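Hello,

Here is the structure I promised to pass on to you. Please have a look at it first, and then read my notes below.

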Amino acid sequence: MNIKSRMDLVLQLTHWFNGHWEDPSWGRDHMVQTILGIVIKELSAGIVDTEAQKQVAGAADKVIAAGLRAN
C-alpha cells in the first residue's frame, strides 16, 4: 500500500467517523475498536523493522479478535 492510498484510507475513515472523535467516549465501542485494529494492522505493513512490525500487527490482531468476540 503506497502513501497516497494510506492517506486516502485515513481520510475515508475520518469521514466515516464523522466527528465522533470529539465525543469523550469515542473509540470505546467494539465496532470502532475492531475497525481501528484493522487500520492499524494494514498500516503496520509499512514498518520496515520486522520485529516492530510483528509487535504492532500482533497487538492489532488482539484488538480485532476482542472486538469480534464482543460483537
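The count comes to one salt bridge, taken as a side-chain nitrogen of Lys or Arg within 4 Å of a carboxyl oxygen of Asp or Glu. This is a predicted model, where local features need pLDDT of at least 70 and side-chain atom pairs pLDDT 80 or more, while totals for chains, interfaces and linings use all residues. Residues are numbered from 1 along each chain as its sequence is written, and side-chain values use heavy atoms, leaving out hydrogens and water.

The bridge joins the side chains of Lys41 and Asp61, at 2.6 Å from N to O. Lys41 sits in helix H2 (residues 30–44) and Asp61 in helix H3 (residues 50–70), so the pair ties together parts 20 residues apart in sequence; helices are DSSP runs of H or I with at least four residues, numbered from the N terminus. Lys41 is partly exposed at 33% relative accessibility, and Asp61 is partly exposed at 34% (buried is under 20% relative accessible area, exposed over 50%, partly exposed in between, with a 1.4 Å probe and protein chains only).

How do H2 and H3 pack? Their angle is about 155°, with the axes 8 Å apart (axes are lines fitted to C-alpha atoms over the stretch in contact, and angles run from 0 to 180 degrees between N-to-C directions). That makes H2 roughly antiparallel to H3, a term for angles over 145 degrees.

Helix H2 also holds Ile40, which is partly exposed at 44% relative accessibility.

Best wishes

Conventions. Helix = DSSP H or I, 4+ residues; strand = E, 2+ residues; numbered from the N terminus. Parallel < 35°, antiparallel > 145°, perpendicular 65-115°, else oblique.
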